[in-house]
Structures are given as structure tokens and as C-alpha cells.
Amino acid sequence: MRGEGGEAVMEEKRIKTEINWTRKDLLGLKDLSREEIELIIKTAESLKEVSTRSIKKVPTLRGRTVVNFFVEPSTRTRASFELAEKRLSADSLNFSGSSSSLVKGETLKDTAKNIEALQVDLIVIRHSSSGAPHRLAEYVKPGIVNAGDGINEHPTQALLDMFTMKEKKGKIEGLKVSFIGDILHSRVARSNIWGLTKLGAKVTVCGPKTLIPYDIESLGVHRTYNVEEAVKDADAINLLRIQLERQNEPFFPSLGEYAKGYGINAQMLKRAKKDVLIMHPGPVNRGVELTSEVADGPNSVILEQVTNGLAVRMAVLYLLSLVRK
Ligand code: CP
């Protein structure tokens with residue numbers, strides 16, 4: 001993947017012979033082995049360099065077509081997939097739920113079948129219903145990438161989180177990673193838990209009792225309701241947004257009360273390790289999950305997560321495209 005033209009093709013062939021990627025779809029980290037997760041991260045590490053070149057483009061996916069189908073709002077994930085496709089020279093087509101014939105009553109299956117009829121190679125889908133990408137993967141031949149499904153999984157977010165931890169700490173194995181916030185409705189937490197535990201990290205979840213699933217320990221994580229405990233030994237703290245859009249009734253009295261009990265401010269950060277990573281998948285609610293001082297402070301890697309998301313999505317598109325040759 002270094003350089004253009006013949007050199008890039010040679011490099012691609014070399015990588016292809018070294019890897020054993022057989023999946024048509026990326027639906028979640030629950031399904032992936034440790035080796036597959038490590039392969040995506042390693043591929044992303046080599047692709048990150050492309051975005052530092054003066055000409056930020058390689059011909060790897062030339063002639064391939066990718067459809068970005070976002071039925072739920074997104075800033076980071078959508079922009080990142082679109083840019084990843086451009087960097088890899090794929091042709092891409094974008095549409096959202098509100099601008100598609102879904103609003104006229106067409107089913108998701110019919111929509112997907114019509115996209116398939118256009119001979120596309122990959123469909124990147126975000127949907128508010130858990131399991132929607134899994135259904136599409138059964139219905140159609142193009143590879144499906146889950147860009148976030150309901151409260152189930154957000155695999156590329158967890159991959160970019162792990163990429164960032166590895167880049168900053170040099171490893172994942174043995175890291176202590178705490179998630180603080182709305183664990184119950186968080187697809188980011190779920191994907192991270194699958195991925196991090198497979199790679200040997202020690203995961204703690206923390207939040208109000210009403211926002212932590214009662215059986216969370218069965219996933220191999222430690223639960224606490226005490227923020228100080230979640231903060232004090234952590235190598236990375238991933239702060240999760242309170243997902244009011246997924247709560248029919250509020251799970252606690254007010255955002256102000258949440259911020260008082262679980263929000264991370266400069267005072268709480270003093271109890272953490274000096275080199276702790278402050279992470280957030282975005283969008284950030286400043287003054288709720290964390291104060292601006294912490295979000296913009298020296299421990300924050302929030303924008304580096306976004307940068308790394310581009311490399312991770314390039315890696316995912318590249319690996320899935322190998323199966324379609
Ligand atoms: N982290 C994340 O999924 O952000 P968006 O909703 O903006 O894509």
C-alpha cells in the first residue's frame with residue numbers, strides 16, 4: 001500500500017498472502033477472533049500513513065463501489081467512511097433514511113435488494129434497530145459493514161478506540177480500561193467489551209445502577225457504581241454519552257444530577273493516573289459526561305480517536321474487499 005500504481009499492487013499482494021481474512025461482512029466484534037481484531041488494527045497501522053502524504057490516495061479499491069446508508073444521524077462515522085472510501089479510490093454513493101424511499105414505506109430488505117441490483121460491492125449501514133445489518137447480510141450479496149446498530153454494536157468505533165489505546169500505550173493486553181456512563185444503551189461499550197476482553201484488557205464499567213445491565217459481569221467485566229474506583233487505576237477512561245434518544249423514560253432525575261455523580265472534572269481527574277487517556281466516542285455533551293477542561297486537556301485523545309477512525313475504516317473496507325475478488 002506504499003506508493004501508487006505497480007508498487008501499491010505488489011504491496012497489496014504481499015499483504016494478501018500474509019493474512020487470512022475470510023469474512024464478507026463486519027457485523028460486530030462478538031463474532032471476531034483475537035487474531036482477526038489484531039489483523040484489522042495492524043492493517044490500520046499501515047494505512048494511517050496514507051493520510052499524511054501530500055496526495056492522500058491509493059488505488060486499492062479502484063473500480064469498487066461502496067454505498068453509505070445511514071438511517072440514523074452521524075457526523076464522525078459517516079464522514080470517516082466517506083473519506084476512507086475516497087482515500088482508497090472507491091466509488092461511493094451516500095444516502096440517508098430520510099432521503100430514501102424508506103419514508104414512503106419501502107422495507108429495508110427491498111431497499112437493500114435495489115442497492116444490490118446496482119452491482120455494489122459493500123454497504124455501510126447505520127440503523128436504529130439492533131440486528132438490522134445482520135438481516136441485510138442474510139438478504140444481499142454485497143459485504144455489510146455495521147456502522148452502529150441500535151444498542152447492539154459499533155465495531156469500527158471499538159476498533160478505533162483499541163487502535164488509539166495501542167498507539168498511546170504500546171499494547172492492549174493488561175491495560176485497565178474503564179467505561180463510565182450509559183452502559184445499558186451503549187453499542188460502543190458492548191463492542192469495546194467484546195474486543196478488549198479478547199485482547200486481554202481488564203474492563204470496568206461504571207454508571208448509575210439503572211444504566212448498567214444487571215448481567216454485565218457475564219461478559220467478563222468488573223462493575224462499580226463508584227466513580228473514584230473506576231478512575232483511580234485506569235490506563236484509559238472512555239466516557240459514554242447519556243443516550244436520551246434511546247430512553248422512553250429518563251433513567252435518572254436530570255442531566256445535572258448525572259454530571260454531579262458521574263461527570264469527570266479536573267478535580268476527579270487528579271485522582272487518576274497522570275498519563276490516563278481520556279476518551280469519548282462523541283458526540284460529547286460538555287458539562288455532562290466531562291467538563292471542557294477535561295475534554296480539551298492534555299490527557300484527552302478524543303480528536304486523535306477521530307483521526308484513527310479513518311485508518312481503521314480504510315482497513316475494514318480493504319480487508320472486506322479482498323473477499324470479493
Ligand atoms: N462515535 C460516533 O458514532 O459518532 P457519530 O454518531 O457522529 O457517527
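The C-alpha centres of domain 1 and domain 2 lie 26 Å apart in this predicted model. Domain 1 comprises 4–152 + 307–323 and domain 2 comprises 155–302, with bounds that come from an automatic or database domain assignment. Residues are numbered from 1 along each chain as its sequence is written, and side-chain values use heavy atoms, without hydrogens and water. Local features need pLDDT of at least 70 and side-chain atom pairs count only at pLDDT 80 or more, whereas totals for chains, interfaces and linings use all residues.

The size of an interface is often given as the accessible area lost when the parts come together. Here the buried area, which is the accessible area (1.4 Å probe) that two parts lose on being put together, summed over both, is about 2500 Å². Carbon and sulfur atoms give 62% of this area. On the side of domain 1, Leu-29, Arg-34 and Ile-151 supply 25% of the area buried against domain 2, more than any other three residues. Four salt bridges are found across the interface; a salt bridge is a side-chain nitrogen of Lys or Arg within 4 Å of a carboxyl oxygen of Asp or Glu.

A search of the whole structure finds two aromatic pairs. Rings of Phe, Tyr and Trp (its six-membered ring) pair if their centres lie within 6.5 Å; planes under 30 degrees apart count as stacked, over 60 as edge-to-face and the rest as tilted.

| Pair | Centre distance | Plane angle | Class |
|---|---|---|---|
| Phe-69 and Phe-95 | 4.6 Å | 35° | tilted |
| Tyr-258 and Tyr-262 | 5.6 Å | 25° | stacked |

Helices (H or I, at least four residues) and strands (E, at least two) are DSSP runs, numbered from the N terminus. Both Phe-69 and Phe-95 are buried, that is, under 20% relative accessible area, with exposed over 50% and partly exposed in between (1.4 Å probe, protein chains only).

Ser-100, in the loop between strand S2 (91–96) and helix H4 (108–116), is in contact with Phe-69 and Phe-95, leaving aside its neighbours within four places in sequence. Ser-100 is itself buried, at 8% relative accessible area.

Tyr-258 and Tyr-262 both lie in helix H9 (residues 255–262), four residues apart, about one turn of the helix. Tyr-258 is buried at 3% relative accessible area, and Tyr-262 counts as buried at 14%.

How values were computed: Contact means heavy atoms within 4.5 Å.
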